[in-house]
Amino acid sequence: MTVEYKNYINGKWVESASGRTYENRNPANADELIGIHQRSNADDVDRAMRAARAAQKKWALVPAPKRGELMFRVGDILKRRKEEIARDMTREMGKVIVETRGDVQEGIDMAFYAAGEGRRSFGQTVPAEMPNKFAMSVRMPVGVVAAITPWNFPVAIPTWKSFPAIVLGNAVVIKPATLTPLSVIHLAEVFEEAGLPAGVFNVVTGSGAEIGDDMVTHKEVNLISFTGSTKIGTAISVTAAKHGKRVCLEMGGKNAIMVMDDAKLDLALEGALWGGFGTTGQRCTATSRIIVHKKVAQEFTDRYVTQAEKLRLGSGLDPNVDVGPLVSEGQLKTVHSYVEIGKAEGAELLTGGERYTGPGCEKGSFYKPTIFYNVKRDMRIAKEEIFGPVVSIIVVEDLDEAIDICNDTEYGLSGAIYTQDVNKAFVAMRDVHTGLFYVNAPTIGAEIQLPFGGTKGTGNGHREAGTAALDVFCEWKAVYVDFSGKLQRAQIDNFEK
Ligand code: UN1
């Protein structure tokens, strides 16, 4: 029997105001209906936002260590439910089970990390310039956070946005990606079991086209935290500016691995395989360009193609499968259109470049791991985010050219170098203009205790995770306490004679 999942508003599971719903199907098998979800409209968003505002006022008064304790419980419950949530995630978005387990694990890590902030959330105390005066800064919650999250990390990214926000005294209304609502429904169940007060975490499912604007412009919203495409993020930024809302954006990437002539090739190949085809290439951090030194280009490429062709495609629930389907038919069309563009631009298609319909994959959105060679820096496949299993190999003369090409994109999320030369590694670390950088590891694999995000078109200067998250989800308040019993004029009374 098909389960109908509800919205979660003010601690209650409720139908959408319009009563409309939509289907959630398995991208590995279009015949499999996973569940029915609410198709929300502006009224649902309004209810959720008002509930969040009322709840936030009380939640902010709960001592932060208590809020942190609740987050420890959330982490424990997620640990207990890890396998079940991972399996549902594989069913709704396709990536292989080891990866969906990793996705939930990233949420568990974030729960324990954010929980600790309940007893930290450091501010500053500084000397005051007047006698008998005290100066300090304290962190204040921002208020109501509207989180708009993508389908590629259906648990991890919602936890990056909601866990620190909640420990820091905010309330959250989240709209998960249309394609992956179930993972966020599970998060709401976890919060419910952990005993989070009603209204602090709310889920409104539905399409961005229908409720995206309401999520951004609602009068109760103080901050919008968005992860998704640069096109939508930019539009959100413009709308938010008009409505005076704070915005934290994580958008696209066009990440490169640079393979130098002294690199350990086995290691670089393994990294390029994982970075390029892990999550079927659907990570913001995915390796979509390999910039390889001419001396090793041929050997690297030959071996890369051989290894890519050995990857096993199929249902992500099968433990022998390496690469799951793309998330949807729409995504498959986009990916394929880029393959056509690459061919038309004159890049050499070495492998892949077409849908895969092998045994067990007839009814899914599978696409063969695809490698282009002889890609030039100004080709569209070298510049635009594809978000699929398509890797472009660019051959270079030396490190300088590699770094130059690595930086020659409108994005700045992640970069990597494979080399045994510490000097080259440090030069690249300094000169590659990205928010994440890896030495002898691929472009994917960030850990939650460091800031996550990128430069240029990838973001708007903010970072998620790590201590950087505190600055997104808090306002600073500078507090001066004058215990002199008289008026002391700053910058004047301590200098005027
Ligand atoms: C994303 O690609 O949207 O660093 C997030 C990584 C993961 C997170 C990726 N920890 O690849």
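# Cavities, strands, salt bridges and ring pairs

Modeller: The count comes to three cavities of 30 Å³ or more. The model is predicted, with local features needing pLDDT of at least 70 and side-chain atom pairs pLDDT 80 or more, while totals for chains, interfaces and linings use all residues. Residues are numbered from 1 along each chain as its sequence is written, and side-chain values use heavy atoms, without hydrogens or water.

Biologist: What makes a set of points a cavity here?

Modeller: On a 1 Å grid over the protein atoms alone, a 1.4 Å probe fits at the points but cannot get out. Points are joined across faces, edges and corners, and the volume is the space filled by probe spheres set on them. The largest cavity has a volume of about 60 Å³.

Biologist: Which residues line the largest cavity?

Modeller: Lining residues have an atom within 4 Å of a point. Among them are Lys-254, Arg-283, Cys-284, Glu-385, Ile-386 and Phe-387. By class, the lining has four nonpolar, five polar and three charged residues. Lys-254, Arg-283 and Glu-385 are in the lining, and Lys, Arg and Glu count as charged, whereas Gly counts as polar.

Biologist: Phe-387 also has a ring partner, Trp-151. What kind of aromatic pair do they form?

Modeller: First, the total: the structure holds eight aromatic pairs. One of them is Tyr-8 with Trp-13, 4.6 Å centre to centre and 40° between the planes. Rings of Phe, Tyr and Trp (its six-membered ring) pair if their centres lie within 6.5 Å; planes under 30 degrees apart are stacked, over 60 edge-to-face, the rest tilted, so 40° makes Tyr-8 and Trp-13 tilted. Trp-151 and Phe-387 are 5.5 Å apart, centre to centre, with 80° between the planes, and are therefore edge-to-face. Trp-151 lies in the loop between β7 (144-148) and α4 (156-167) and Phe-387 in the loop between α11 (380-383) and β16, so the pair ties together parts 236 residues apart in sequence.

Biologist: Are Tyr-8 and Trp-13 buried or partly exposed, and what values decide it?

Modeller: Buried means under 20% relative accessible area, exposed over 50%, and partly exposed in between (1.4 Å probe, protein chains only). Tyr-8, at 4%, is therefore buried, while Trp-13, at 31%, counts as partly exposed.

Biologist: Why do Arg-39 and Glu-210 count as a salt bridge?

Modeller: The term asks for a side-chain nitrogen of Lys or Arg within 4 Å of a carboxyl oxygen of Asp or Glu. The closest N and O atoms of Arg-39 and Glu-210 are 2.9 Å apart, so the pair qualifies. Arg-39 lies in the loop between β4 (29-38) and α1 (42-59) and Glu-210 in helix α6 (residues 208-217), so the bridge ties together parts 171 residues apart in sequence. The whole structure has 35 salt bridges.

Biologist: What about Glu-117 and Arg-120?

Modeller: Their N to O distance is 3.1 Å, so this is a salt bridge too. Glu-117 is buried at 6%, whereas Arg-120 is partly exposed at 38%.

Biologist: What makes β14 and β15 a strand pair?

Modeller: Strands pair if DSSP finds at least two bridges between them. Strand β14 (residues 348-351) and β15 have three, in the antiparallel sense, and Glu-348 stands opposite Tyr-373. Three bridges also join β15 to strand β16 (residues 390-396), and these run parallel.

Biologist: Which residues of β15 are buried on each side?

Modeller: Thr-370 and Phe-372 are buried on one side, Ile-371 and Tyr-373 on the other. In a regular strand the side chains alternate between the two faces of the sheet.

Key. Helix = DSSP H or I, 4+ residues; strand = E, 2+ residues; numbered from the N terminus. 1 Å grid on protein atoms, 1.4 Å probe; cavity = no way out; pocket = protein on both sides within 12 Å on 5 of 7 lines; lining within 4 Å.
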